[in-house]
Protein chains: 2
Amino acid sequence: MIQINHVETLQCNVSLHLAQKPGLLRILNRQNPNFTFINPVSLCLLIMVQDMNLQANRSLQYLLLKMQQTRLKQQIEFIIEIDKLKNVLRQTLLIDSSRRENSGEHSWHLAIMTMILAEYAIKGTDIFRAMKMTLIHDLVEIDTGDTFCYDVKGNESKAERELQTANRVFGILPEEQGKELRLLWDEFEARETPTAKFAVALDRIQPFLHNRETEGGTWKMHDIHRNQVMKRMAPVEQGTPELWDFMLAEIETCVAAGYLRKS
Amino acid sequence: MIQINHVETLQCNVSLHLAQKPGLLRILNRQNPNFTFINPVSLCLLIMVQDMNLQANRSLQYLLLKMQQTRLKQQIEFIIEIDKLKNVLRQTLLIDSSRRENSGEHSWHLAIMTMILAEYAIKGTDIFRAMKMTLIHDLVEIDTGDTFCYDVKGNESKAERELQTANRVFGILPEEQGKELRLLWDEFEARETPTAKFAVALDRIQPFLHNRETEGGTWKMHDIHRNQVMKRMAPVEQGTPELWDFMLAEIETCVAAGYLRKS
């Protein structure tokens, strides 16, 4: 018989149980297609009950319901929390120059770019994963705001501040979902996998296009010169090498048009 | 020998050629992994050349380059065009009530919700496809603005106005990409597939949460009552039946709290 003290303990045990039997989720899915979209927590409990030859009784069902409610509550809380990203302003202007862009709409723009520019990604890029990465990559700005890419001092403390926000914001979610998003963010920040390289490249191309279209918007405001932009755009060559010639040509066009200072 | 008059004609022929030989793309991918991320247009040309036993010559290479440039130009133009969605205001307020939400950031919010609430989608839902759907579903508002869901008169002409924008905006892209996005949008609007039902359900849940969190924000402004919201939320039962009980309880909570008029 399982001793259950309270819901949190059970949830913890169940996570552990699943980690020890990673194959079970898939086996059940194959055998019974109805399980495909079952809530992972309830699935874990079913596995647990099956393994230990216990009858699912009323109190277990009650606990299951409570756990599902807790899980949904955490998910809804997260959905509400991330609304704050719509108030985090970036330096970048909208293309019509009407106002500064926020990090929520910026992330949306990048996610669509993963679809449209997918063909230029390097071999091994997982486009679905890249899309998820672009969607969540700026959530760490919720507490700390956006750090301007050419702000040397601000960027020194950026990593530490963003790490704290990552722990808090991803921590709102049910444990395994929080971990999934954290892994996505870590991968994006490390810029080692093809998928992360592609996502980072898009994160550089998008503000570049905004600066080009606003005739040097942020560059002019902060007196940015060609070499700074060249350095900033370097990840484009890594993640979308097919677009590197295009970027180089565009940088020169922007210098020639007076949008960007030569040196 | 192929007679090529100008780039547009070639592009048209090439699209036709690919449509007639749908298996070739996959075969080449399997045989030569380097093809996996090649630009589809150049791949088509390679297939064409291979089929007709022609030597790729300098003029063909030049045409290929021009076609790639045209393709990239269309893609960049589209990326710039969709920035306008960030200026399309919805009735919904941000959760901190500071301002109205725009359709770009709203789409971002929905796309993250497809990840977080995936487990509640009905069987047969393709989460990647649902995510793409949420990202592009409001692009048709670029020319026409958002039509408030409870505006009966505005909703009569909505379909026709949005169709015109769809033709214009998706038409900026290379033909097959424009068609892909159009298919996604058509599927979303038809609400027949599990994927579309899930995406539509999220598109209802998100503003509901904003109205709950802003203590009745848009509902109070427009004097909306319980039955209107109940009708508006009906697709939640179709796309995420597991969340329907939660929605029903939440509606009653909002009525009891005075956020929503009972009748």
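Guide: A:Lys132 lies over the face of A:Phe128, 4.4 Å from the ring centre. In chain B, the charged end of B:Lys132 sits over the ring of B:Phe128, at 4.3 Å from its centre. Such a charge is NZ of Lys or CZ of Arg, within 6 Å of the ring centre and within 35 degrees of the ring normal.

This is a predicted model: local features need pLDDT of at least 70, side-chain atom pairs count only at pLDDT 80 or more, and totals for chains, interfaces and linings use all residues. Residues are numbered from 1 along each chain as its sequence is written, chains are lettered from A and ligands numbered from 1 in the order in which they are written, and side-chain values use heavy atoms, without hydrogens and water.

Now the two chains. A rotation of 180° with 0.0 Å of shift along its axis superposes chain B on chain A, with RMSD 0.0 Å (least squares on C-alpha atoms of residues with pLDDT of at least 70 in both). The two copies are therefore related as by a two-fold rotation axis. The same surface serves both: 98% of the contact residues of chain B recur in chain A.

Next, their interface. 62 residues of chain B are in contact with 61 residues of chain A (heavy atoms within 4.5 Å). Four salt bridges cross between the chains (a side-chain nitrogen of Lys or Arg within 4 Å of a carboxyl oxygen of Asp or Glu). B:Glu119 forms a salt bridge with A:Arg71, with the closest N and O atoms 2.6 Å apart.
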